[in-house]
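Let's take a walk through this protein together. Have the sequence and the model at hand, and follow along from the overall layout down to single residues.

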Amino acid sequence: MSTTNSEPKALLTPAETAALLGCSVRHVHNLKTRKCLVPIPGWGRPRYSREQIMQYINSTVKTVNAA
């Protein structure tokens, strides 16, 4: 199965996650420590699912809008 460049990646590195969130890689590690983001097991190095990241973004937007 090949992927095309137009399909978004399902699993992202910490650097790719930081780019998607608009923050630093260090902040991604802090989110991991606070269990806001949980890496997918079995990859050796941390990988985050795009779905989980989008859920995190949506939850923070709801929190900000509710304030």
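What follows goes from the whole chain to its core, then to a helix pair and a few residues.

First, some housekeeping. This is a predicted model, so to speak of local features we need pLDDT of at least 70, and side-chain atom pairs count only at pLDDT 80 or more, while totals for chains, interfaces and linings use all residues. Residues are numbered from 1 along each chain as its sequence is written, and side-chain values use heavy atoms, with hydrogens and water left out.

Now the layout. The protein chain has three helices and two strands, and read from the N terminus they come in the order β-α-α-β-α. Helices (H or I, at least four residues) and strands (E, at least two) are DSSP runs here, numbered from the N terminus. Of the 67 residues in the protein chain, 18% are buried; buried is under 20% relative accessible area, exposed is over 50%, and partly exposed lies in between (1.4 Å probe, protein chains only). If you take contacts between residues at least 6 apart in sequence, 46% of them join residues at least 24 apart, where a contact means heavy atoms within 4.5 Å.

Which residues make up the largest nonpolar core? There are eight: L12, A18, V28, L31, L37, Y48, I53 and Y56. Helices α2 (25-33) and α3 (50-66) each supply at least two residues of this core. A nonpolar core, by the rule used here, is a set of buried Ala, Val, Leu, Ile, Met, Phe, Trp, Tyr and Cys residues joined through side-chain atoms within 4.5 Å. In soluble globular proteins, nonpolar side chains tend to be buried together.

Zoom in on I53, which sits in helix α3 and is buried, with a relative accessible area of 0%. Skipping neighbours within four places in sequence, I53 is in contact with L12, T17, L20, L21, L37 and Y48. Is T17 buried or exposed? It counts as buried, because its relative accessibility is 0%. Apart from residues up to four places away in sequence, T17 touches L12, V28, L37, Y48 and I53.

T17 also takes part in the meeting of α1 and α2: P14, A15, T17, A18 and L21 in α1 face V25, V28, H29 and L31 in α2. By class, this contact has seven nonpolar, two polar and no charged residues. (Ala, Val, Leu, Ile, Met, Phe, Trp, Tyr, Cys and Pro count as nonpolar, Asp, Glu, Lys and Arg as charged, and the others, Gly among them, as polar.) The two helices pack at an angle of about 100°, with their axes 8 Å apart, which makes α1 roughly perpendicular to α2.

A15 in helix α1 is partly exposed, at 47% relative accessible area. For a contrast, look at K35, in the loop between α2 and β2 (48-49): K35 counts as exposed at 66% relative accessibility, and has a positive phi of about 65° although it is not a glycine.

Note on methods. Axes fitted to C-alpha atoms, helices over the stretch in contact; angles between N-to-C directions. Parallel < 35°, antiparallel > 145°, perpendicular 65-115°, else oblique.
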